[in-house]
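Here are my notes on this model. Please read them with the structure open.

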Amino acid sequence: MDPLLFGIATNLATDVLKAAYLRSRDIGLGDAETRALRRAFTRAFGVLATDVVQARQDELTPDLVTLVEGQLRRLVTDAAIAEMLLAAALEERGPDPARLRERFEELGFDPQTFLTDFDTAMSRFRYALADELLQEAGMARSPLFNRVVLAQLAAVRDELAHLAGRPGADESRTPAGRPIREWTDPFALEVHPAISAGADPADVLPQYVRREHDAELGRIVASAMDGRSVIRVLVGGSSTGKTRACWEALRLLPDTWRLWHPLSPGRSEALLGGFAAVGPRTVLWLNDLHDYLLHDPAAGERVAAGLRELLRDPDRGPVLILGTTWPEYWARLTVPPPPVPSDPHAQARSLLTGTDLVVPQSFAEPDRERAAEAARSDARLRDALEHAIDGEVAQYLAGGPALLERYRTAPPAAKAVIEAAMDARRLGHGPDLSRDMLRRAAPGYLTGRQREGLAEDWREEALAYTGTPCRGASGPVAGRPTDASPLVYRLADYLDQWARRARATVLAPASTWDALYQYGAEQDLPAVAKEANRRHLYRRAAALYRPAAEASDVDALRVSAHYLAVVGEVDEALMVYERAADAGYSLALEDAAQALADLGLVDASLTWWRMAADAGNNRAHYAGICAARSLARAGRLDEALEWWERAADPDDDELVWYNSTLRLRCWWNHRIPSGVLDNTVTVPFGNTGAQLALLDAARALHRAGRLAEALRWYERAADVKRSQVVTWYQRQDPESDEVHEVAHWLTQQLDRKSRRTVTDPADVFFKVAWKGHSLAVLHGAQALAEAGDTAETVRWLFDKIRDDGQAVTVAAKVFRIARHAKQAAEWIQRDDGDLAVRVRAHPWADAFREASREICRSGRPDWAGAINDTYGAEIFDVLEPRGAPYAELPHPRHHRLDLADLHRKVAGGDVDQLATIAQLYRAAGRTEEAVKAYLHSAECGKDGFSEAVDLLRQAGREDEAERLARFGLEPGGASLATTRWTTSNRRRCKPTKLRS
């Protein structure tokens, strides 16, 4: 494109997005999405400008460029037209030409005076926009992947092709898949081979025994033949007959149907790349559906969105989507997550909910009777019925028990290869394992004595052993030729699922992590890196994320930047954070600021907090609060108050909700891990940013001993009428749609499970304000009680709580927790002032006794019992952090639990028992064993890491605890806390100068 025309296109792309700003705001476009749209519009306007100029057949001069830009600018700076063009980008449909002409005429512009044919020019523009968006949204980690439906967009592009005078995709594209009659090999569709058991070699599969789920599957196929697009996912354990059931269902379809089994280069990539070629009467064969949707969550969401669009597109139906998956993967994809800022599987859950067809683990009695009838002429069925345990006939036919026997009795070298494959799979690698990976990993599973006795070619012998068929079925780890790559190896599904349970407590050796890093498939490394990070193997995670980070994978960039900051590579970390922001990670600036603050570079962090606040996306409150917290931790409280003041502006129009954790000082004699709770208990808090800023500032002043100032901030936080939500509501039209929408949104924040309709918005806004008020009241009372001022504590509660009886109940609990109950009781009995008289008007002694009983029963202050439901008790439920507070556990020899029995359970794969073992060791004062058990649990992906850090701190091993918390673990239970971090541990260790 000529540079002059490129300048026009860039300006027009900016203009159209500015003109459509209101619509962009309504649909919540982020900065990364806006940048991606600007690139797409730039190309489209470039094509349009080129066509206009070429139609004049004149030499490109500045005057002509000015004329073209002037005409086109009139088209895009009108808000109505700009919104039509934005809809064309995001809703996969072109603007209505008649409506465009009508709007042009309303603006006094005659389309016929355009420099070229108007309809052709607009068709070219729409084609270029669709084509560019298809490329933009289809890229890995594209910020537009959840905005643009690729399949429908490709169809729109093809529809426009002939109008735009361009080659359409339909003219050259081959329909997806092959005619169904050509699929004659069940193993090509990943049906498990069966045991031989003396069967006729011509019989590829045993006779099929139809079960209850087959009848339902037949009804689904019939529905597809009647013209309805449908999806069914067969859910069951490994080797239960899911894929075979789908294979048998194909027999019901006529030869006019096609079948597509997308596999290469990767499952999700193949599906995304071929969506546009799927036509009517096509079966999408998605065996192991989890590999399409979970292996790369971002790509999986695009796959799910494309499948949803395919199912609802009448012009491309009917299609039949058949998938299979294991129950644990089904749960990950369909069970709603707890309240989090982002839902990683929203599209997948919308696609899959209600589509499951459960395949039983075993044959029911009627199934066994039918199998016995078929077994008269099938030796394999006879063998299975005779030897299968608990009715698991399908598993026996697929060789499950024989595979386990082969594994358990394998020579050491072959067992090492099988276990290396098992661990590679459960650590996140895909099913295709390279020969080099297995060869590199296997030595770590052998003892020194075992390695000494091995032949030079022991690896090849081991692979030959694992690939030998097992009673006619595939071996434990069998080679599989592919068209696109050298020979790959696959772990038998049955062993894969078995190992995920049985080896849950086994720590993979360093050789396996090395092999995954050196020889793992590039598309699988991000998933392996996530597992490393989850297991606190930070150094391994950073290395595994590196290839993805270089490809601008957002998760990889985020983790890499964090790790670089941790080890002191500040400049490089900041550059990576900037790349993450450009790749669409909206929290990159905040993460960079927090990393700098954690390193003690507070002034540098303030620069980044300001950038985060200025970046939009309703993050100014959060940036201000975090900056203030950093300053307060650095002892610069007065500067922090200035940031909190800006974030606490009640007249700010940005209503932003924060789920935060607030801390209450505690004064009871309870064992708290040093360095984590700092003698506090935590309570959940959900409210607006302004409310959180007020409470933050008040607590900071309280901790600094500036009680009078703290109380003034608590007063402001408790002022319902001047809370941000109420002042915002009072500035609006109470009957407006916006007020009702915000009220509904706030209702969802207050209770994620709420489905009620908002009838009185005012009630919602005041309820939110009342929650902040309640917490401010309790914190203020806590501050006064700690200062020993009984009268002022009571006065505070009477002033803030409308019901005197309730105020007395709260006061009793506060005084008991503050260990000032005796002093308070004496004051109530002896003082003649109005406050004491008001207290004596209620059964205060009973309230004090009940408070004491509650604390004795719970062993901790129960803030939920301090106030009743009408006062917002639900926000005062104490959240005990992982592993804390730690009650004194009895010595193991006095405990009913038997350590030997617990260790046996751990050896059997019960990973949750590791925490119990650690607690018993901790109670017995056996610190080394407790730390080892905690870290074992942590490297298995469970809790235990922070508990180990806390225990080391309690033992006075601060340096060791700090290194462990900072650098994490090494594979096999080794802790970097015992070694210094040197150049041998990381690429560079010399800290660099911070950029100005």
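This is a predicted model: local features need pLDDT of at least 70, side-chain atom pairs count only at pLDDT 80 or more; totals for chains, interfaces and linings use all residues.

1. A915 counts as partly exposed because its relative accessibility is 27%; buried means under 20%, exposed over 50%, and partly exposed in between, with a 1.4 Å probe and protein chains only. A915 is found in helix α46 (residues 913–923). Helices here are DSSP runs of H or I, at least four residues, numbered from the N terminus.

2. Residues are numbered from 1 along each chain as its sequence is written, and side-chain values use heavy atoms, leaving out hydrogens and water.

3. The largest nonpolar core has 163 residues, and L438, W513, W644 and L797 touch the most other members. Such a core is a set of buried Ala, Val, Leu, Ile, Met, Phe, Trp, Tyr and Cys residues joined through side-chain atoms within 4.5 Å. Helix α21 (residues 412–426) gives the most to this core, with nine residues. Another core, of 31 residues, lies apart from it; A176, L271, L294 and A304 are among its members.

4. Leaving aside neighbours within four places in sequence, L797 is in contact (heavy atoms within 4.5 Å) with V777, A781, A807, V810 and A811.

5. Helix α31 (residues 588–598) packs with helix α32 (residues 602–614) at about 165 degrees, their axes 8 Å apart. Axes are lines fitted to C-alpha atoms over the stretch in contact, and angles run from 0 to 180 degrees between N-to-C directions. That makes α31 roughly antiparallel to α32, a label for angles over 145 degrees.

Methods: Helices (H or I, at least four residues) and strands (E, at least two) are DSSP runs, numbered from the N terminus. Angles under 35 degrees count as roughly parallel, over 145 as roughly antiparallel, 65 to 115 as roughly perpendicular and the rest as oblique.
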